[in-house]
Amino acid sequence: MATTNATLDPFLPTAGGLDQTSNGFLLWGAALVFIMTPGLGLFYSGMSRSKNALTMIMLCMTAMCVVSLQWVLFGFSLTFGEGDLTGKGSVLIGNLQHYGLTGVGFDAFRIAPAVSAIALCIYQMQFATITAALIFGSVAERVRVVPSMVFVFLWTTLAYDPIAYWTWSLRGWIRNFSCINSGTDLANGPPCGTGGLDFAGGGPVHIASGFAGLAFCLVLGRRRREPQEEFRPHNLVNVFLGASLLWFGWFAFNGGSALAGTTRAVMAGTVTHIATVSGALAWPIADSFLSRRMSGLGFCSGAIAALVSITPAAGFVAPWAAVIIGASAGVVCNFACRIKGYLGFDDSLDAWGVHGVGGFLGLFLTGVLSQKWIPTLDGTNSAAATPVLGGAVDGHPVQIAWQLAGGAAIAGWSFTVAFVLLSVINMIPGLHLRPTEDEEIQGGDLAEMGEVAY
């Protein structure tokens with residue numbers, strides 16, 4: 001996310017600072033990112049067996065509703081509530097000064113000086129909602145809806161909100177890696193702003209959801225099936241439609257993370273598309289060496305893997321680097337999805353293989369390929385003012401270590417929180433996570449909802 005070091009106040013004065021065009025740009029971005037959640041539902045639905053098609057859409061849309069309310073109650077405040085940055089604060093979690101969106105209106109947050117706080121809030125809400133929905137790709141066809149929503153509410157509070165704060169808040173410890181050992185007191189003074197780079201959520205969205213999904217599938221165990229029944233996608237048309245909606249929305253997911261209608265936003269959208277076409281070709285080409293066929297499912301999977309990996313890099317890399325990131329994602333995530341059988345866990349629709357692994361790959365390649373001149377496209381930052389030092393290609397190889405350390409911390413925290421929450425919830429009477437064997441064989445659509453998709 002783009003920021004400026006122009007002031008130490010938690011809010012910027014509205015006079016002369018707020019860009020109403022960027023305000024509208026971010027609301028447009030929120031609408032496009034919103035459409036990614038039903039797109040994800042269609043994507044997961046098509047990849048599931050037909051008896052679970054409706055349940056997968058329901059899980060994604062219900063998670064969107066639950067997390068939206070959590071965001072209004074206190075999620076936004078925990079993620080972006082910093083208070084007066086000249087006084088005391090936390091490097092781990094925000095405060096509750098904006099509970100119920102108190103004080104969130106016309107004034108601009110320091111992290112997004114061009115837009116109103118309410119614009120930042122509705123835009124970032126969509127990030128939180130789709131992150132929760134992504135988790136269900138790991139446990140498709142064997143999870144109950146109501147207990148899952150209890151988990152989503154708690155996991156978002158205890159995992160997503162802190163992780164997003166670490167990554168994007170001006171005090172967050174990942175964002176300020178370089179000053180941790182320099183004597184700077186992040187909790188009691190102004191932050192240095194130089195550390196891990198994550199433009200649009202490779203860590204908070206993808207690594208966090210992927211490793212939460214891994215914990216979920218380990219707690220639940222493998223899917224059940226009748227003899228001779230195969231786990232195959234039932235509707236590749238829905239898979240293509242869902243992937244296309246995700247691709248469409250990702251222009252705003254990454255481009256909007258510039259938090260202003262600037263050339264950097266356009267560059268972020270451009271490299272997003274370049275990476276995606278590279279990944280969409282790389283995955284089925286890799287498949288063809290094994291099966292001699294170009295898979296449509298592989299095409300869609302490669303596109304999503306590339307979108308995941310370009311997410312942290314989008315505001316830091318040039319178009320040539322996007323080709324490398326997209327193609328690498330198509331090959332690496334393909335391999336990650338193939339090894340799950342050897343590792344003994346049932347990551348049903350490859351949420352860990354694509355989002356967990358792809359997010360890590362994206363953070364790593366951001367550390368390698370980021371360049372100092374890209375952030376200057378904001379028009380508000382000069383090369384001297386921006387804290388971005390570039391990656392290895394710009395002579396700053398320590399950026400790779402910062403990226404990997406941040407990613408490892410996010411993965412570990414998300415997995416641990418998810419595993420503990422799921423284990424506890426599963427022991428509460430009436431909140432068992434998995435349906436009975438008969439219900440699972442019948443399918444979630446009839447067993448959970450009493451309805452069918454077809």
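Glu141 and Arg49 are both buried, where buried means under 20% relative accessible area, exposed means over 50%, and partly exposed is in between, with a 1.4 Å probe and protein chains only. Their side chains meet in a salt bridge, 2.9 Å from N to O. A salt bridge here is a side-chain nitrogen of Lys or Arg within 4 Å of a carboxyl oxygen of Asp or Glu. The pair links distant parts of the chain, 92 residues apart: Glu141 is in the loop between α4 (117-134) and α5 (145-168), and Arg49 is in the loop between α2 (36-47) and α3 (53-80). Helices are DSSP runs of H or I with at least four residues, numbered from the N terminus.

Before I go on, this is a predicted model, in which local features need pLDDT of at least 70, side-chain atom pairs count only at pLDDT 80 or more, and totals for chains, interfaces and linings use all residues. Residues are numbered from 1 along each chain as its sequence is written, and side-chain values use heavy atoms, leaving out hydrogens and water.

Back to Glu141. Its side chain also meets that of Arg223 in a salt bridge, at 3.2 Å from N to O. Arg223 sits in the loop between α6 (202-220) and α7 (236-255), 82 residues from Glu141. Arg223 is buried as well. What links Arg49, Glu141, Arg142, Arg223 and Asp346? These five residues are linked in a network of salt bridges.

Next, another pair. Asp378 forms a salt bridge with Arg264, and the closest N and O atoms are 2.9 Å apart. Asp378 lies in the loop between α12 (351-369) and α13 (398-427) and Arg264 lies in helix α8, so the pair ties together parts that are 114 residues apart in sequence. Both Asp378 and Arg264 are buried. Over the whole structure, a search finds nine salt bridges.

Now the surface. Helix α8 covers residues 263-291 and includes Leu290. Is Leu290 buried or exposed? Leu290 is exposed, because its relative accessible area is 61%. Together with Leu281, Ile285, Phe289 and Met294, Leu290 forms a nonpolar patch on the surface, with about 570 Å² of accessible area in total. Patch residues have over 30% relative accessible area and no salt bridge; like charges are joined within 9 Å, and nonpolar side chains (Val, Leu, Ile, Met, Phe, Trp, Tyr) within 5 Å. Accessible areas come from the Shrake-Rupley method with a 1.4 Å probe, and for residues only the protein chains shown count as cover.

Note on methods. Helices (H or I, at least four residues) and strands (E, at least two) are DSSP runs, numbered from the N terminus.
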